[in-house]
Amino acid sequence: MDDTAKPATATLLAVIDRIIPADQDPGALDLGTDHYVMAQLSSQAGLAASVWAGLAQLDDLADTRFNAVFAKLTAEQQDALIALHQQADWFAALAELTAEGFYADPANSGNRDALSWRMIGYQHRLPEGPNGPMPKADMEPGDAP
Amino acid sequence: MRLDYDCIVVGAGAAGTIIAALVAEAGKRVLLIERGREMSYAADGRRDHLRNQRLSQHGHNAGPDIDGNPRVVVAPDGTERVVRPHEPGYHNNAAAVGSGTVVYGAQAWRFLPDDFRMASRYGTPQGSSLTDWPIGYADLAPFYEQAEQQVGAAGDSHGNRHQGARGADYPMPPVPQHKSAAALQQGAAALGMNSFTPPLLINTIPRAGRGACIGCGSCVGFPCPSNAKNGTQNTMLPRALATGNCQLLPNAMVTAIDTDASGKVTGVTLVADEGGARQSRSVTARMVVVSGGAIETARLLLLSRSAMHPDGLGNAHGQVGRHLQGHYYPSVYGWFDQDVHDDEGPGVTIATTDFNHGNDGVVGGGMLADDFIMLPAIFWKSALPADLPRWGRPAKDFMRDGYRRVLSIKGPVHEIPSPDARVSLDGRVTDRFGLPVVRLSGTTHPETVRTASFMFERAHDWMAASGATRVWGRAPVLQLSAGQHQAGTCRMGDAPEGSVTDQWGRVWGHDNLFVSDASLHPTNGGFNPVLTIMALAFRNGAHMASNL
């Protein structure tokens with residue numbers, strides 16, 4: 001899969017970065033949540049089309065207002081443009097996917113080393129680790145044991 | 001495989017497995033058929049937080065298969081949609097050996113005496129089908145005790161001020177109370193409420209050759225890591241199999257109950273997965289017990305049409321599939337200025353039954369309790385206030401600061417059933433076997449929404465009195481309710497005109513066809529219904545065994 005070939009991928013990553021931003025704790029991009037989001041979009045064609053269309057609108061808006069692509073704006077500028085779209089269905093769906101990946105079990109590939117759980121204080125208390133018993137075939141590289 | 005039995009039980013869930021054990025222990029040959037597969041913690045215990053029976057956003061882990069098992073859902077405005085098993089509106093029950101008892105939270109409530117006589121106590125609201133049970137609490141009490149003792153319940157035997165008379169205490173001490181219980185106990189005391197630790201079918205101490213709960217807190221939706229959660233698959237099924245009289249047939253779907261030319265039930269037709277090939281077989285028996293859950297049990301009776309029974313079995317009076325009910329779950333969330341979360345599961349630690357009956361101006365009521373440990377993804381999807389943005393710092397701060405500071409109070413409301421909330425057969429959509437699928441239509445009676453709204457306010461009051469600085473939740477709205485607590489579609493009664501079975505679950509007009517699951521419940525109590533399903537199975541199973 002070569003998502004970087006899509007012109008709006010940089011925009012998608014920038015938006016995911018603002019949906020769950022890094023601060024004293026990791027953000028979505030730090031935990032690989034973009035991988036979860038990409039996988040979901042690749043299996044939901046209708047949703048993906050609306051997300052890509054929405055991202056294109058964000059880039060148009062960035063060009064009109066700031067004469068730059070969305071990904072190159074400051075965080076404050078990006079948040080201001082996202083706020084204009086936060087009621088849109090495509091953005092709500094993208095934010096929901098991002099949160100799903102970030103807060104779900106690490107084997108869903110958006111919550112590396114279960115670090116979001118450390119942030120919020122959730123303890124899984126399972127003997128095998130955060131995913132529970134995993135058939136070997138389901139293990140992804142980088143899964144917590 | 002053997003093709004003739006004394007008794008065929010369709011569905012190895014909460015009730016069917018108990019029936020199979022009792023009949024097999026009485027020396028009769030039993031075939032226990034289950035559409036789902038056997039699950040184990042080692043093979044099926046993976047904690048996929050997005051694909052399980054509690055949160056099935058992208059799939060689920062305990063069946064039925066996503067493909068080939070659709071239903072048609074008719075909205076109140078008449079629009080129809082086809083839904084798959086993991087999607088909203090399907091009202092799924094797990095397809096597995098043990099069914100929902102493999103993946104449940106295992107709250108083990110007895111109904112209260114007045115739950116069995118709702119019409120006598122409150123009258124029957126116009127347009128509703130509220131009715132009394134044909135049996136009372138005293139009839140069921142000895143069998144509640146059998147379920148508690150033999151499946152294995154842990155609880156506070158004397159804490160519930162409103163409970164009916166009981167014999168033996170729970171065989172195990174209750175789950176430990178936590179920080180959450182301390183906060184809510186204080187609120188209950190301030191309001192003068194009776195509160196206590198709720199009963200669960202979970203080993204709090206090693207028992208019956210299995211260990212105690214390790215407190216993982218992900219009971220709901222998943223198999224148990226220490227096998228301490230008592231479902232029928234690890235309690236009654238081993239008993240049934242130990243007799244040598246019970247054959248378990250998983251991965252097999254019963255497509256019809258067979259009758260002869262006189263209309264007498266002779267057995268079932270099933271389709272089994274045998275080495276990857278589908279094999280259709282007819283199996284005969286002297287008795288057939290349908291235990292597929294309130295939706296699929298009704299469907300199977302309706303599918304079993306013949307010249308003698310043109311509208312399906314037991315449906316001469318048009319009652320099969322009606323009065324579908326489940327539970328409204330008014331839920332509130334409260335923010336505390338200190339950590340009120342404990343990591344140790346199961347998480348349900350405190351309950352009250354003060355509002356199940358005797359509430360001014362509404363019919364019935366329900367139990368209220370705190371919740372099981374919420375997985376972070378579930379917390380995200382259910383616990384956030386409606387006005388909180390779902391992105392940026394506010395959302396992240398809420399999760400970071402709130403996960404350990406937010407409590408939930410919720411509870412099942414005793415529904416006021418409507419005859420128009422129903423399971424019927426769809427005329428157009430078929431399943432993987434080409435059989436008409438379930439069509440779900442109607443809503444609960446509007447009185448249920450009034451009672452649920454009342455309970456929402458009581459939950460709000462309790463949360464606020466416990467020190468929450470902000471309380472929020474979604475007010476109940478009129479809708480169809482069924483879900484994992486589905487009930488009522490083959491109600492038992494005193495006469496054939498208004499019911500499907502007699503008080504033993506025997507289908508009117510048939511001496512050898514029984515229903516045994518929550519389909520029988522004329523009303524569904526203001527509690528999680530599984531212990532009542534089990535108690536009825538102990539009662540009716542003994543009756544069936546003695547009649548074979």
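Biologist: Which residue of S4(B) does B:Val73 stand opposite?

Modeller: In this predicted model, B:Val73 stands opposite B:Arg81 in S4(B).

Biologist: How do you know that strand S3 of chain B and S4(B) are paired?

Modeller: Pairing requires at least two bridges between two strands. Strand S3, residues 71-74 of chain B, is joined to S4(B) by four bridges, so the two count as paired. They run antiparallel.

Biologist: To what sheet do these strands belong, and what makes S4 and S13 of chain B its edges?

Modeller: The sheet is open and has four strands in the order S4-S3-S14-S13 (chain B), with mixed pairing. Strand S4 (80-83) and strand S13 (422-430) of chain B each have a single partner strand, so one side of each has no neighbour in the sheet. From one strand to the next, the twist averages 35 degrees.

Biologist: Which helix packs on the sheet, and which strands does it touch?

Modeller: Helix H8 (residues 293-303) of chain B packs there, touching S13 and strand S14 (436-441) of chain B. The direction of H8 makes about 65 degrees with that of S13(B).

Biologist: Why are H1(B) and H12(B) called roughly parallel?

Modeller: Helix H1 (residues 16-25) and helix H12 (residues 530-547) of chain B pack at an angle of about 30 degrees, their axes being 8 Å apart. Angles under 35 degrees count as roughly parallel, and H1(B) and H12(B) are therefore described in that way. Their crossing is right-handed.

Biologist: What classes of residue make up the contact of H1(B) with H12(B)?

Modeller: The residues include B:Leu22 in H1(B) and B:Phe538 in H12(B). By class, the contact has 10 nonpolar, one polar and no charged residues.

Biologist: In chain A, what makes H1(A) roughly perpendicular to H4(A)?

Modeller: Helix H1 (residues 9-19) and helix H4 (residues 75-85) of chain A pack at an angle of about 90 degrees, with axes 10 Å apart. The range for roughly perpendicular is 65 to 115 degrees, which gives H1(A) and H4(A) that description. A:Ala14, A:Val15 and A:Arg18 of H1(A) make the contact with A:Ala75, A:Gln78, A:Asp79 and A:Ile82 of H4(A). These residues divide into four nonpolar, one polar and two charged.

Biologist: How many residues of chain B are in contact with chain A, and which helix gives the most to that side?

Modeller: Chain B has 29 residues in contact with 34 residues of chain A. H10(B) gives the most to the side of chain B that touches chain A, with five residues. That side divides into 13 nonpolar, seven polar and nine charged residues.

Notes
Residues are numbered from 1 along each chain as its sequence is written. Chains are lettered from A and ligands numbered from 1 in the order in which they are written. This is a predicted model: local features need pLDDT of at least 70, side-chain atom pairs count only at pLDDT 80 or more; totals for chains, interfaces and linings use all residues. Helices (H or I, at least four residues) and strands (E, at least two) are DSSP runs, numbered from the N terminus. Axes are lines fitted to C-alpha atoms, for helices over the stretch in contact, and angles run from 0 to 180 degrees between N-to-C directions. Two residues are in contact if their C-beta atoms, placed from the backbone, lie within 7 Å. Angles under 35 degrees count as roughly parallel, over 145 as roughly antiparallel, 65 to 115 as roughly perpendicular and the rest as oblique. A crossing is left-handed if the near helix is turned anticlockwise from the far one by less than a right angle, and right-handed if clockwise. Ala, Val, Leu, Ile, Met, Phe, Trp, Tyr, Cys and Pro count as nonpolar, Asp, Glu, Lys and Arg as charged, and the others, Gly among them, as polar.
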